[in-house]
Amino acid sequence: MHTHAYGAHASDQALEPMRISRRDPGAHDVQIDIAYCGICHSDLHQVRSEWAGTLYPCVPGHEIVGRVSALGADVKGFRVGDLVGVGCIVDSCKECEDCESGLENYCDGMVGTYNGPTPDAPGWTLGGYSQHIVVHERYVLHVRHPESQLAAVAPLLCAGITTYSPLRHWKVGPGSKVGVVGIGGLGHMGIKIAHAMGARVVAFTTSESKRAAAKQLGADEVVVSRHAEEMAAHAKSFDLILDTVAAPHDLNALLVLLKRDGTMVLVGAPATPHPSPQVFDLITRRRSLAGSMIGGIPETQEMLDFCAEHGIVADIELIRADQINASYERMLRGDVKYRFVIDNATLAAG
Ligand code: NAP
Ligand code: ZN
């Protein structure tokens with residue numbers, strides 16, 4: 001099947017309309033009519049090959065929601081018409097310890113939703129800035145939110161799971177004090193989810209203009225990280241700090257806010273390294289510096305169901321396909337509250 005898409009032909013070129021093909025559904029495949037796709041900062045990093053290794057044409061997009069339009073003969077868990085989502089993973093080895101534990105995100109053979117190896121033409125995966133996608137049923141999620149919220153559910157498929165997974169892994173709940181650094185696509189979901197888990201949430205931002213809005217998202221307190229006295233007021237007090245910032249910055253300023261045995265988890269993935277942290281800020285209070293990457297498929301379903309139950313969706317700005325390039329520039333300026341989502345029906349306009 002041919003489908004309208006939006007992608008880039010080179011790292012220094014804008015995205016533009018293109019036509020791509022999708023395989024016919026195999027026995028275990030689910031074919032999806034994509035309704036909406038979120039724009040993650042990782043899309044921008046990859047389209048511009050900031051992490052190196054991007055293959056072109058590159059069609060980004062890994063926050064996909066839509067409806068099942070066809071099924072392979074052996075698919076058991078889905079029906080035509082179901083509301084579904086696809087996140088960052090469309091395949092993995094299915095046999096290793098990670099896959100057997102439902103941690104496909106850590107499988108060496110994990111295939112990303114775009115720029116990952118596949119036998120399908122052109123030889124690498126093409127993502128959700130397109131009207132249709134065909135995905136093995138193992139990597140397709142059920143969406144149980146009301147259909148009216150579908151566009152705002154899309155960002156849960158990456159921003160939601162990337163923040164939910166470390167919050168669960170480090171056992172956040174009532175009594176925990178959690179910091180969320182960077183109020184962008186990931187950060188605003190981290191605030192909502194940590195709040196719903198019962199934690200006391202402090203948001204850290206570089207943008208004075210987000211101070212009031214962050215409280216509405218569920219932050220108990222907001223710190224503008226430029227203000228040293230606001231930072232100092234939280235010294236040695238956090239159980240967990242989730243750092244979502246998309247650019248290199250001083251980690252020590254945050255590490256010293258952890259209490260003994262506290263952990264700072266990096267989920268932001270800047271193209272160039274952070275300055276190395278001070279060993280003494282770690283050893284003097286047995287603090288940990290950790291990382292976390294998206295989440296496995298069972299946990300992604302758990303996150304979607306948790307969000308449906310708690311009425312959590314992303315705060316979005318819905319855009320047309322011809323606004324994708326402009327929205328990348330706005331995302332770089334921090335000018336989005338808090339996630340752009342593409343109305344994929346507008347891809348057909350070319
Ligand atoms: P985003 O919407 O652009 O948000 C990033 C936020 O970081 C900004 O809103 C801003 O918040 C803060 N920030 C402070 N200084 C910045 C600077 N110089 N440049 C950019 N941002 C700055 O991005 P996102 O989609 O949430 O993604 C955040 C990062 O996580 C990206 O690097 C992305 O690739 C990565 N990511 C990682 C995973 C994973 O599995 N670990 C998954 C998805 C995305 P304030 O205005 O509040 O300061
Ligand atoms: Zn993402």
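1. C40 is buried, at 3% relative accessibility, where buried denotes under 20% relative accessible area, exposed over 50% and partly exposed the range in between (1.4 Å probe, protein chains only). H62, at 7%, is buried as well. This is a predicted model, in which local features need pLDDT of at least 70 and side-chain atom pairs count only at pLDDT 80 or more, whereas totals for chains, interfaces and linings use all residues. Residues are numbered from 1 along each chain as its sequence is written, chains are lettered from A and ligands numbered from 1 in the order in which they are written, and side-chain values use heavy atoms, with hydrogens and water left out.

2. C40 and H62 belong to the site of the zinc ion (ligand 2), which C40 (SG), H62 (NE2) and C158 (SG) coordinate at 2.0 to 2.2 Å. The spacing of these donor residues in sequence is C-x21-H-x95-C. C40 lies in the loop between β3 (29-38) and α1 (41-47), and H62, 22 residues away, in the loop between α1 and β4 (64-71). Donors are N, O and S atoms within 2.8 Å of the metal (3.2 Å for Na, K and Ca); water is not among the atoms, so the site may look incomplete. Helices (H or I, at least four residues) and strands (E, at least two) are DSSP runs, numbered from the N terminus.

3. The whole structure contains 19 salt bridges, each defined by a side-chain nitrogen of Lys or Arg within 4 Å of a carboxyl oxygen of Asp or Glu. One of them pairs E63 with R339 at 2.9 Å, N to O. E63 is in the loop between α1 and β4, while R339 is in strand β17 (residues 339-343), 276 residues apart. Both partners are buried: E63 has a relative accessible area of 0%, and R339 has 4%.

4. A salt bridge also joins the side chains of R67 and E147 (2.6 Å, N to O). Because R67 sits in strand β4 and E147 in the loop between β9 (141-142) and α3 (150-153), the pair ties together parts 80 residues apart in sequence. R67 is partly exposed at 31%, as is E147 at 46%.

5. E317 and R330 form a further salt bridge, at 2.9 Å, N to O. The pair links strand β16 (residues 316-319), which holds E317, to helix α11 (residues 324-332), which holds R330, across 13 residues. E317 is partly exposed, at 28%, and R330 is partly exposed, at 23%. Elsewhere, R23, D29 and D120 are joined into one network by salt bridges that share partners.
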